[in-house]
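Let's take a friendly walk through a protein model together. Have a look at the chains first, and then read on.

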Number of protein chains: 2
Amino acid sequence: MNTLAIDMMGSDLGSKMSVEAVLRFHKEHPEFHLLCFGKAEELNALSGQEGIEVIVTTEVMEMTDGALEALRKKDSSMVKAIEAVRERRASGVVSAGGTGAFLSASSLLLKKAPGVLRPALVASFPNFKTGGHMAILDVGASNENTAEEIAQFAIMGSLYAEIVENVVNPKVSLLANGSEEGKGSPNGKKAYEILKTKKEVNFLGNIEASNVLNGDSDVIVTDGYSGNVLLKATEGAAKTVGKLLKKVFLKNLRSKIAYLFVKGGMRDFKASFDSRKTGGALLLGTNGVVVKAHGNSDSEAFYNALLLAARLVEGEVVTKISKRLQDANNA
Amino acid sequence: MNTLAIDMMGSDLGSKMSVEAVLRFHKEHPEFHLLCFGKAEELNALSGQEGIEVIVTTEVMEMTDGALEALRKKDSSMVKAIEAVRERRASGVVSAGGTGAFLSASSLLLKKAPGVLRPALVASFPNFKTGGHMAILDVGASNENTAEEIAQFAIMGSLYAEIVENVVNPKVSLLANGSEEGKGSPNGKKAYEILKTKKEVNFLGNIEASNVLNGDSDVIVTDGYSGNVLLKATEGAAKTVGKLLKKVFLKNLRSKIAYLFVKGGMRDFKASFDSRKTGGALLLGTNGVVVKAHGNSDSEAFYNALLLAARLVEGEVVTKISKRLQDANNA
């Protein structure tokens, strides 16, 4: 039976939403065993349920906690949940707690899967050309990466697309400042040279940041620093546009009536940028599945994060990454 | 009398728009002497005008031309216009021709202004918090930069904001993957250390890509690779959102009527992202003012590019950059 370790605490919205999400997930996926870490008094609703085990912890990681606190708060729900994966009592961990603490604690405690040079943080973006989603990595686990690491991200990202998005032979592009060969950061250029020789990767070549949302790619690889800029610039622009649009519609009575006429469409429009649907970011390349739900996750977002973790566990992503990296090295 | 050298050819829309723009600029700013480079038969409308000199050239740089062609096409309107600046017959050059050729020819022919380590390409972004514009540099003149170069960009960008945006004591931020000190790319972190000691720079600290459009900054500095990703990701997201919105409004009769109700607001909304208003990008740090109008500039966009060049020439940006860099070094 597959087991997930869940940090029930530390989200912005409190444990009520994580309890709701766990109950829903448990009902729909009884095949998973769930280890739920958190304060006893907040997890009453979970006790007595078959297949759910409540493990009481005393400390809570704060949103602002970083690597240091991650090491110190040994009895926090977050650290205990990660430890369950390290000790092989669970195959994946989900948390909506602070990114800094969660990523550093996961990296430190779980270590890299065999063959992985560096784990990568993966973000899922809507692709408006294909109507699906694409994976972008690394978006910030590191802030610099060697060419070899970026090339490995292509293999890791392809597995993600296969398992989570059901894509066959995922198309991989490399972020660059121009679409022609020869463009890119110094390490990006070297990664291009490696990628074009890898038969494990369906490599399309370079992609400019302006074409990411409308391109053909299922996977986009880049170093963690540029990936972070790409992710946040896109989020920032979408958010700003949203605010501006709100102003347009709130201008006067006519515009407010207009809003009623396009309300449905605007809802779909907003939903396409909605991070709650994608279940958050995940760390690929560690010894165990690590899913980071957004800090302001509501119950649906947290449920989707659980689903994402479940999918990756069932898809045996960790074993497959090590295996495919090994095949690529021996090729 | 100040003189501008103008490449009349090589834009996507032909020389009709550049002729129109030059005539308008000449009428409104007769204090500028204009050297207009291009094919004789296309520039008839300019002949006989006092203060406008037509210099006939036989070659035209293509949009796809790069550094190599820039060196070979010696009788192109673009190269001849740049040479006029090199030979001190003009203080600035404007072109809507291909970016690759224009930037490399300008860098090669004009060389760096005294004290400048690397020229930077500057993009002007709307700032939705301040209602003004901000300068982002480098957005792609280089694809890697040292910490010292990034720190110089802060001084160059501040002068741009003072001269073009009339900002007093411009606020400068450094792009990073987190707003706290200690975040950033390896060279970005070193640039932070330099910037916080420079009294010539009103340094706010790090800024995340998600806050660029809504931040307090007048100037944002970064290496050319990340700056390019920031610029293009923002453009790409804004464009994608525009397309999606169009779909929302075209959905049915009701939504089409709704569009009529918010048409004015939507026009303002689009205009805030309109690159035609800002006059294009420019290269800072070369021996002479270099303004690159968008390749698909219409007459208004090209006129604004001429205005931007005029402003920078009148503001003596080249001399001031060298002077302030020298002061900063001697401090």
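The report below covers the symmetry, then the sheet, and then the interface.

This is a predicted model, in which local features need pLDDT of at least 70 and side-chain atom pairs count only at pLDDT 80 or more, while totals for chains, interfaces and linings use all residues. Residues are numbered from 1 along each chain as its sequence is written, chains are lettered from A and ligands numbered from 1 in the order in which they are written, and side-chain values use heavy atoms, with hydrogens and water left out.

**Symmetry**

Two copies of a chain are related by a rotation about an axis and a shift along it.

Chain A holds an open sheet of eleven strands with mixed pairing, in the order β3-β2-β1-β4-β11-β10-β5-β6-β9-β7-β8. Strands are DSSP runs (E, at least two residues), as are helices (H or I, at least four), numbered from the N terminus; two strands pair if DSSP finds at least two bridges between them. At the edges stand β3 (52-56) and β8 (202-207) of chain A, each with a single partner strand, so one side of each is left without a neighbour in the sheet. β2 (residues 32-38) of chain A pairs with β3(A) in the parallel sense over five bridges, and Leu35(A) stands opposite Glu53(A) in β3(A).

**Where the chains meet**

What does each chain bring to the contact, and how much area is buried? The table shows both.

| Item | Value |
|---|---|
| Residues from chain B | 48 residues |
| Residues from chain A | 48 residues |
| Area buried between chain B and chain A | about 4200 Å² |

Contact means heavy atoms within 4.5 Å, and buried area is the accessible area (1.4 Å probe) that two parts lose on being put together, summed over both. Carbon and sulfur atoms give 69% of the buried area. The copies meet through the same surface, because 100% of the interface residues of chain B are also interface residues in chain A.

Two salt bridges are found across the interface (a side-chain nitrogen of Lys or Arg within 4 Å of a carboxyl oxygen of Asp or Glu). The side chains of Glu208(A) and Lys232(B) meet in a salt bridge, at 2.2 Å from N to O. On the side of chain B that touches chain A, α7(B) gives the most, with 17 residues.
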